Amino acid sequence: MAEYETHEYDVLVIGAGGAGLRAAIEAAASGVSVGMVCKSLLGKAHTVMAEGGIAAALANVDDRDNWRVHFADTLRGGQYLNNWRMAELHAKEAPACVRELEAWGALFDRTEDGRILQRNFGGHRYPRLAHVGDRTGLEMIRTLQDHGIHQGIQVHMERAIIALLKDGERIAGALGYDRERGRFRLFQAAAVVMATGGIGRAYKINSNSWEYTGDGDSLAYHAGAALMDMEFVQFHPTGMVWPPGVRGILVTEGVRGEGGILTNKEGRRFMFDEIPDNYRSQTAETEEEGWRYTQGDKSARRPPELLTRDHVARCIVREVREGRGSPHGGVFLDIAWIKERVPKAAEHIKRKLPSMYHQFKQLADIDITQHPMEVGPTTHYMMGGIKVDGDTQMSTVPGLFAAGECAAGLHGANRLGGNSLSDLLVFGKRAGRYAAEFAKEKGHGQINTDEAEQAARNALEPFQRGTAAGEGPYQVQQDLQEMMQDLVGIVRREDEMLRALEGISSLRERAQRVGVPGNREYNPGWHTALDLESLLTVSEAITRAALERKESRGAQFRDDYPNKDPVSGKINIIIQKGPEGEMQVRREPIPEMPAELQGIIEEMG
Amino acid sequence: MTQAAFKIWRGDAQDGGFKDYSTTVTEGMVVLDALHQIQADSANDMAIRWNCKAGRCGSCSAEVNGSPRLTCMTRLSELPLDEPVTVEPMKTFPLIKDLVTDLSWNFEAKKRIKKFRPRPPDPDGRYRMAQDDVDRVQEFRKCIECFLCQDVCHVLREHHMEQEFIGPRFFVYVAALEMHPLDTENRLEELKRAEGIGLCNITKCCTKVCPEDIKITDNAIIPLKERVVDQFYDPIRRLFRVLRK
């Protein structure tokens, strides 16, 4: 029998990125005991990679902005599949959350009169992103971390959760292991907040760290929670494409916000070639107008480079497929050209985009103040995830909450840049508050230790098979990533996705046979073997949801159904584990929007 | 395609040594890519820390050919590949396994530093700050907590004065708090005593290894030392303190 240490908390937060930290801080503030577990060291979560900024209608730079415009922008970007209640709360509460972060020590870039500066970003009508150069995510996680360490939160670093434990219908705790020694840890908790981030490691080309294996989605699914919108995987249009080792690393949308343009090998600004109807009235007609927009001219409309990410990514794929790409299979992103317009352009670029300057100089030998970058789409973000109640963030499992990337609803079919960091703050805070309330009201459930022991025994199987098993976990992971990239990527077709489902089931068989060498102490081979279950579960969910949605909308582009289908535009696709352990797919109508919100959408056009 | 040879430190606190590996080199590859290839092909259980692979998270610190570096930002093309590349864990911290060290002391040291205490906001509930005042502190807030500066600092590396000295990373942290336009706390007493700023003899080793190019010594440590001197050794202030007693 496996041995384990036991910890008891009123609220257990799984994940210590922006959402997890914000949830833990809020729960601790309401007087309950809080434990937080994270797979990496504190402060290293993927939030550090966020570059552009936090979207919040502070109206510091353009006083026409307010929550109603932000709400309408978010729904337009999400193609109206969003959970409108979440979009409403998000738009209303984001400004206060940004100011709260400032009161905890975050130092944003300033306007002339000393207020928080805001920048332009794709799909946002007005300059809305509070930012710190292009390292906003680092500022945010460090602020939350440095504030959080004084709030009495018990932090368990480098621990991974492998199973959620229930008492009947409700949540009762979780089982995990510590990476350092490989010992099992049992967490008894009255409420659990999932804040595990995304699923990017299911794809070969991605901007995500090793942690992004969809643990939260998978654990919640196996605990019976409903997942929603899993077909909507965001491919960020601008990842690095060269050299090979850096392929997929993110190039911030802020480059385009500062005036950067996309060109093909003929030097043509191809983004002007195709403008979606629902954005036509908001998009610049000439290059001149687009430039004026990026420089703050309020009478100008945004350049087509700042259309939504799904659209920009597809235009890049089109250029490459039709033979107009750059030498390494991308297109050109050029910020150096602004030297024609801006005095001391090199200094200006280094000041506005220091991390980008550094990243290209060091990793690709390219000086972005002088030369264009080569960029192409990279798997970046999961719009779908655990289905939650808009107000409380509770999943369909009582006591199990979710916030941030692993929760679904706010972003609908496509997320706007900058709406992620604000999502983490607004809904991390809400999840923390309501998880604490749940814990106070309902108290602890009873853990079934047999269930925990079974999960621990299963986790040790790769050692019993050892290297004699013939296959290690890395090959299975790589084969899955390649298959998802090829068959369930930016452009999807039914026949390819059916092949992917067959592929997933044979990979699952291989995953059940992998063996690892060595012992339980800090053994990444073992950790990777355990992550495979999550990756396979989310890959299957993505594929089944994408098959079910027989239309093209937002991040989902179906070659065999290239148009929007009005009926599909009124439903979300739900994934849930069936009684026999099979993955069930169903359609759920989107609840009707209240007249007040409907009025905002109509008014904003 | 060329092959490169590596000597990678394998083992735990009890026992270990360099092991030889070889892997294929492709254009633009960094040391962390090589470590990952080796891990996937022939050393599944080799312990490595990493996250972002883009120089932002500060997880993959190690000593490459003897120099403290982020392995994700160290390109193989800048190293001589006619001899093996050595990769070993940071020496200052207790070893857990292979390239992974126990960094928990750093997290404890940070907790002991007095937290941010802002002044009240303006009457409209907002804070106003000038960009110039913010710039100075933003330099310190670029820190990614890779702890390479801690690794290279003699006071920690050779003398292991972890109880008396917080190290360059946390002087940068204290500087960011002390120079924060909104902060009202005074941390000079602790800097002088518990945090041991006097033990730093300004050799600038920390500044040299900082992957974020923070001028740790010139912009953080020296100004803090000056503030400590002003508060505790300025004769007029001393007199004032004596009189006040």
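This is a predicted model: local features need pLDDT of at least 70, side-chain atom pairs count only at pLDDT 80 or more; totals for chains, interfaces and linings use all residues.
1. Start with the domains of chain A.

2. Where do domain 1 and domain 2 of chain A meet? Five residues of domain 1 are in contact with five residues of domain 2. On the domain 1 side, helix H8 (residues 309-321) of chain A brings the largest share, four residues. Sorted by class, that side has three nonpolar and two charged residues, and no polar ones.

3. Next, have a look at how the chains pair up. Here 47 residues of chain A are in contact with 48 residues of chain B. Several helices of chain A each put in at least two residues: H3 (84-103), H4 (136-148), H10 (354-364) and H15 (524-548). Of these, H10(A) gives the most, with four residues. The class count for the chain A side comes to 22 nonpolar, 13 polar and 12 charged residues.

4. Then there's the largest nonpolar core, with 261 residues. H15(A) supplies the largest share of this core, 12 residues; H15(A) also turned up among the helices touching chain B. As background, nonpolar side chains tend to be buried together in soluble globular proteins.

5. Which core residues touch the most other members? They are A:Val11, A:Val192, A:Val193, A:Phe401 and A:Ala435.

Methods:
Residues are numbered from 1 along each chain as its sequence is written. Chains are lettered from A and ligands numbered from 1 in the order in which they are written. Two residues are in contact if their C-beta atoms, placed from the backbone, lie within 7 Å. Ala, Val, Leu, Ile, Met, Phe, Trp, Tyr, Cys and Pro count as nonpolar, Asp, Glu, Lys and Arg as charged, and the others, Gly among them, as polar. A nonpolar core is a set of buried Ala, Val, Leu, Ile, Met, Phe, Trp, Tyr and Cys residues joined through C-beta atoms within 7 Å. A residue is buried if 20 or more other C-beta atoms lie within 10 Å of its own, exposed if 12 or fewer, and partly exposed in between; C-beta atoms are placed from the backbone.
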